[in-house]
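Please read the numbered points with the model in view.

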Amino acid sequence: MLRASHIPPVATPALSALKISLIPALSLSSSLPHLSKLSTFAPLHNFLPKTAPPNSSPISFKRFLPMLGHHPCPKASFSSGSGTGGGRELLVQHLLVKEDDLKLLLELQQRILGGGEDLSDLAVEYSLCPSKEEGGMLGWVRKGQMVPEFEEAAFSAPLNKVVRCKTKFGWHLLQVLSEREESLLGEIQADELHVKIQDPTFAKEAQLIDVREPDEVAKASLPGFEVLPLRQFGSWGPEVTTKFDPEKDTYVMCHHGMRSLQVAKWLQSQGFKRVFNVSGGIHAYAVRADPSIPTY
C-alpha cells in the first residue's frame, strides 16, 4: 500500500530517470552568496523552517546542469515563454533496473501485485535511478518531458496500477498516483502589465508578487504588489498556498525578471494554475512603460 509520505505535491529534488531536460531551478543572484554555494542538488526545503508543514515543496536551487547523455536520469523543465496548458499532468513514481534484469523486474512486480509491497519501498532498495532516494518519485510530469516509451506507458496506465515498460535506460515499473489539469506558465511584457495596472479591477482580480529585497523595493515599486523577498523564502514559502489562491492569475516581478521567473516556476509546481513572470522586471517597466519609476 502506498504511504502518504511518498506523495509530495510537486516534483521532488531527485534526478528524474525519464525526463528529457532539466528544471531550471532557482538561479540566485550574487546578492545571495550564502545560497550560491549550494550543492547541485540542494533542495529548497533545506531553507524552510524545521517546523514547515509536510506539504511544503522541495525544489532544487541549482539544477541547471545538462545531464542528457551523461546519466540515465535526465530531467524535465517547465515551460517558459508563452507557456503551455490544456493537457494532463501525472504524479508518477517508478523504479529502474538494467535491461538484462527483466527477471528481477518481474519478481518485484509480483511482490507488489501479489505480496502487497510498496513500489516506493522497492525503489529505495533496487532502483538504479537517483530518484530512489525519494522512493522513486518523479513528481508531476507532462507530455513531451519524458522518453516516448515511458510517456506512452504512463499516460495510458490506469490510476494506481503498477505497469512495466522498457526504455533505452532499462526496464521500469511505474505507477501513476494522481493526475491534474496542466498549468500555464507565461510571461507578460512591461507595457502589457502597465495597461493592466490602469484597470482598477486588475489588482482585485489578480495576485501580484514582488520577490525583491526590502532595500530594492524602497528604491522603486509598483502599486498592488505584495513583497515576498526571496531571501525570506523560509517564512512565506510554506504558507503560499494558503495565503494566495492557486486558481487566480498570479504575476511575479523582481528587478530584471530572473528571480521572479524561478519563483514563478516554483509557484506553478505548487499547483498555481496561471502564473506570469514580468519580463525584464521592474527595470523594464521603468524604461519601457513608466519613466516615473526610478531605475537602480
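1. Strand 1 and strand 4 (residues 170-181) run antiparallel and are joined by 10 bridges. Helices (H or I, at least four residues) and strands (E, at least two) are DSSP runs, numbered from the N terminus. This is a predicted model, in which local features need pLDDT of at least 70 and side-chain atom pairs count only at pLDDT 80 or more, while totals for chains, interfaces and linings use all residues. Residues are numbered from 1 along each chain as its sequence is written, and side-chain values use heavy atoms, with hydrogens and water left out.

2. Within the pairing to strand 4, Leu95 has Leu173 as its bridge partner. Strand 1 is also joined to strand 2 (residues 137-142) by 5 bridges, again antiparallel; there, Glu89 is partnered by Arg142. Strand 1 (residues 88-97) is mostly covered, with 9 of its 10 residues buried (buried means under 20% relative accessible area, exposed over 50%, partly exposed in between, with a 1.4 Å probe and protein chains only).

3. These pairings belong to an open antiparallel sheet of 4 strands in the order 2-1-4-3 (two strands pair if DSSP finds at least two bridges between them). Its edge strands are strand 2 and strand 3 (162-167), each of which pairs on one side only. On average, neighbouring strands of this sheet are turned by 40° against each other, direction ignored.

4. Which strands does helix 3 touch? Helix 3 (residues 119-126) packs on the sheet against strand 1, strand 3 and strand 4, and its direction makes about 45° with that of strand 1. Axes are lines fitted to C-alpha atoms, for helices over the stretch in contact, and angles run from 0 to 180 degrees between N-to-C directions. Helix 4 (residues 148-156) lies across strand 1, strand 2, strand 3 and strand 4, at about 165° to strand 3. Contact means heavy atoms within 4.5 Å.

5. Another open sheet has 5 strands in the order 5-9-8-6-7, with parallel pairing. Strand 5 and strand 7 (226-227) stand at its edges with a single partner strand each, so one side of each is left without a neighbour in the sheet. Strand 6 and strand 8 run parallel and are joined by 4 bridges; Asp210 has Met253 of strand 8 as its bridge partner. Helix 5 lies across strand 5, strand 8 and strand 9, at about 90° to strand 5.

6. The largest nonpolar core has 20 residues, of which Leu193, Leu222, Tyr251, Tyr285 and Ile293 touch the most other members (a nonpolar core is a set of buried Ala, Val, Leu, Ile, Met, Phe, Trp, Tyr and Cys residues joined through side-chain atoms within 4.5 Å). Strand 5 (184-188), helix 5, strand 8, strand 9 and helix 11 each supply at least two residues. Helix 11 gives the most, with 4 residues. A second, separate core of 18 residues includes Leu90, Phe155, Ala157 and Val163.

7. In helix 11 (residues 281-288), the buried residues include Tyr285 and Ala286. Their cover includes helix 5 (190-197), strand 8 (249-253) and strand 9 (274-278). Beyond four places in sequence, the contacts of Tyr285 include Leu193, Leu222 and Ile293.

8. Leaving aside neighbours within four places in sequence, Ala206 is in contact with Asp249 and Tyr251.
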